[in-house]
Amino acid sequence: MKNKQNWLLYALITTVFWGVWGAFSEIPKNEGFPGTLIYVVWSVTMIVPAIFALANIKWKLETDKKSIFYGSLIGFLGAGGQLALFIGAIENGPAYLIFPIISLSPVVTIILSYLFLKERTSRRGWIGVIIAVIAIPLLSYQDPSSPVTSLLWLPFALMVLFAWGLQAYYMKHANEFMKAESIFFYMALTGLILAPIALLMTDFSQPINWGFEGPYLSFGIQILNSIGALTLVFAFRYGKAIIVSPMVNAVAPVVTVIISLLIYMVVPHPVIISGMVLAIIAIFLLSFEEA
């Protein structure tokens, strides 16, 4: 299989898994399972694809200082962003402002990859990238439900924006000198390392749903996120960060919106429909780009 086909296949797998995950991710929280514990469950689900990844390289994990540093850096940026999102941003601010901001993380990845990795693409590719970047915040649009009384959420949202943008950049950079499987192992490990912080920040005095709709359903939903993260690492192995990052971030919400429409019969806002149209145009343009 050619590299071009490799990156596109893995990127599409990620978009599908993340799209399905997005459609169901709020169910456990709505059923009384707090976001901090959802993070803990997510970190545990990372173990499953990590085992698969290690088995794929016959358990020959790269343990040199450079691999450990970059693998851990990528992991802490991703998991730290998750914590900042759950604990800092969402707890203090409105989702309709937070998600359009953090959805622009591919802009950070594109700028860094252009400057330091010297990645380039065709004119058609750049048009696709720009359209995807425009589509992402439109797909993250949510109707304002309450007035904004504090800006405490803004620093956390910006932290997530830069953390995830940097993570994608370093993920591509690290793929140049270490195995994708090793990168993912360190991502899983750092996610678990931060889990105690989420546990300490959980208010166990409040009612928590320990039934099927809580940790068990959360595990089934979050493992979609984890598998998508693994295939994303492989997408970065074969594809350009300036193509993979905006494409995945633009198309996954389209899958989420379509599933929500089919299951919950929720008609998307015209702004979101506009984003969907742009995202479809972007994926058409980007899918023809070489790795």
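Leaving aside neighbours within four places in sequence, T231 is in contact with Y10, I13 and T14, where contact means heavy atoms within 4.5 Å. T231 is found in helix α12, residues 212-238. Helices here are DSSP runs of H or I with at least four residues, strands are runs of E with at least two, and both are numbered from the N terminus. At 9% relative accessibility, T231 counts as buried. Buried means under 20% relative accessible area, exposed means over 50%, and partly exposed is in between, with a 1.4 Å probe and protein chains only.

A word on the source. This is a predicted model, in which local features need pLDDT of at least 70 and side-chain atom pairs count only at pLDDT 80 or more, while totals for chains, interfaces and linings use all residues. Residues are numbered from 1 along each chain as its sequence is written, and side-chain values use heavy atoms, with hydrogens and water left out.

Now the helix pairs. Two packed helices are described by the angle between their axes and the distance between the axes. The axes are lines fitted to C-alpha atoms, for helices over the stretch in contact, and the angles run from 0 to 180 degrees between N-to-C directions.

Start with α8, residues 123-139, and α14, residues 270-286: they pack at an angle of about 155 degrees, with axes 8 Å apart. α8 and α14 are therefore roughly antiparallel. On this scale, under 35 degrees is roughly parallel, over 145 roughly antiparallel, 65 to 115 roughly perpendicular, and the rest oblique. The crossing of α8 and α14 is left-handed; that is, the near helix is turned anticlockwise from the far one by less than a right angle, and clockwise would be right-handed. On the α8 side the contact includes R124, I127, I131 and L138, and on the α14 side it includes V271, S274, L278 and L285. By class, this contact has 17 nonpolar, 4 polar and 1 charged residues. For the classes, Ala, Val, Leu, Ile, Met, Phe, Trp, Tyr, Cys and Pro count as nonpolar, Asp, Glu, Lys and Arg as charged, and the others, Gly among them, as polar.

L139 is found in helix α8 and is buried, with a relative accessible area of 7%. Which residues does L139 touch, not counting those up to four places away in sequence? They are A250, P253, V254, I272, G275, M276 and A279. The C-alpha atoms of L139 and A279 are separated by 8.7 Å, although the two residues are 140 apart along the chain.

Next, α13, residues 241-264, against α14. Their axes come within 9 Å and cross at roughly 135 degrees, so α13 and α14 are oblique to each other. This crossing is left-handed. The contact is made by I243, M247, A250, V251, V254, V257 and I258 of α13 with I272, M276, A279, I283 and L286 of α14. The class count is 12 nonpolar, no polar and no charged residues.

α13 also packs with α7, residues 105-116: the axes come within 9 Å and cross at roughly 175 degrees. That makes α7 roughly antiparallel to α13. S105, P106, T109, I110, S113 and Y114 in α7 meet A241, I242, S245, P246 and N249 in α13. By class, this contact has 6 nonpolar, 5 polar and no charged residues.

Helix α3, residues 35-45, is mostly covered, with 10 of its 11 residues buried. Among them are Y39 and W42.

On to aromatics. How many aromatic pairs does a search of the whole structure find? It finds 11, counting rings of Phe, Tyr and Trp (its six-membered ring) with centres within 6.5 Å; planes under 30 degrees apart are stacked, over 60 edge-to-face, and the rest tilted. Y70 and F177 form an edge-to-face pair, 5.2 Å centre to centre with 70 degrees between the planes. Y70 is in helix α5, residues 65-92, and F177 is in the loop between α9 (153-174) and α10 (180-193), 107 residues away. Y70 is buried at 17% relative accessibility, whereas F177 is partly exposed at 26%.

Last, backbone angles. Most residues other than glycine have a negative phi. W59, which is not a glycine, has a positive phi of about 60 degrees. W59 lies in the loop between α4 (47-56) and α5 and is exposed at 55%. K118, also not a glycine, has a positive phi of about 55 degrees. K118 lies in the loop between α7 and α8 and is exposed at 56%.
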